[in-house]
Amino acid sequence: MMCCSKKICNGCFHANEIREMKASLIPSCSFCRQPVQAGDKLEKQRMTRIEANDPAAMSQKGIELDKKGDYQSALTYFTKAAGLGDAEAHYWLSHLYSDGLGVEKDSRKEIHHLEEAAIGGHPEARFNLGCDEKENGNIERAVKHWIIAANLGDDLSIKALMRMFKGGFVEKEVLDAALRAHQACVDATKSPLRDVAEEFYRLRDGLFSSN
C-alpha cells in the first residue's frame, strides 16, 4: 500500500472492500485506514514515505521504474533500499547486474545481492542461488539452497528437488521432508477469506478479459 508501504494479502484487501461497500465508506487502506489517493496525490504520498527513508516504498518505486524501462533510476532506489536492508531491493538489484540493465553486467555483484536477499528470507533469491550452484557443478550446495527455499513455500525449488531426486542426487527421505515442509508453509498462508478473494478476483479478471 502506498500510504504505509505494507503488503496486504488478497483476503484482507477483499474483506476491506466488502466492509466499505456494506457501510458505504470511501475507499481506504486495508492496513492503516488512510483514504486511498490517486494521481499526483498518490505519488506525493509515496514520496513522503521515501523521504522518511522507508525501504519498502523505495523498492516499490524502483519496481515501477524498472517496469517502465528506466533502469538507472530504478537502480538508485533499489541501491538505497538495499542499503537499509530491504531483501526485495537486493533481489531486483541481482537482476539488474545479471542483465546489465542500467549498469554494467557484474556476476559478482549479482551473486552478492542474491545472497543478501536470501539471507533476508527471499525464496526466489534462494532458488536462483541454487541454480547458480548447479550450473557451477556444486550439486550438494544447490540442493541445500533449494531445500531452504522449499521450506519457504517456493514451488520452483520443489520441482528442482524432484528433478534431482529422479537424477539420483537427492534421497527420498530428503525429498519427502522438503515436500512436507513446503506443504506446511503453503497451508499456513491459506484462509477462507483468501479463498473467497481469489475466486472473486479470478471471476472478475475473467469477465474483463472476455470483454
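Set aside its neighbours within four places in sequence, and A125 is in contact with Y91, L114, A117 and A118. The model is predicted.

A125 belongs to the largest nonpolar core, which has 22 residues. A125 is among those with the most contacts inside this core, together with F78, Y91, L93 and L114. Five helices, α3, α4, α5, α6 and α7, each supply at least two residues of this core. Helix α5 gives the most, with six residues. In soluble globular proteins, nonpolar side chains tend to be buried together.

| α3 | 55-67 |
| α4 | 71-83 |
| α5 | 87-99 |
| α6 | 107-119 |
| α7 | 123-135 |

Now to a charged residue. D66 sits in helix α3. D66 is buried yet has no salt bridge. The nearest side chain of opposite charge is K67, 7.7 Å away. What is D66 in contact with, leaving aside its neighbours within four places in sequence? The partners are Y71, A74, F78, W92 and L96. One of them, F78, is also among the residues with the most contacts inside the largest nonpolar core.

N53 is found in the loop between α2 (39-51) and α3. N53 has a positive phi of about 60°, although it is not a glycine. Its side of the picture is partly exposed, as N53 has a relative accessible area of 41%.

Key
Residues numbered from 1 in each chain as written. Predicted model: local features only at pLDDT ≥ 70, side-chain atom pairs only at ≥ 80, totals over all residues. Heavy atoms only, no water. Core = buried A, V, L, I, M, F, W, Y, C linked by side-chain atoms within 4.5 Å. Buried < 20%, exposed > 50% of the residue type's maximum accessible area, 1.4 Å probe, protein only. Helix = DSSP H or I, 4+ residues; strand = E, 2+ residues; numbered from the N terminus. Contact = heavy atoms within 4.5 Å. Lys, Arg positive; Asp, Glu negative; His and termini not counted. Salt bridge = Lys/Arg side-chain N within 4 Å of Asp/Glu carboxyl O.
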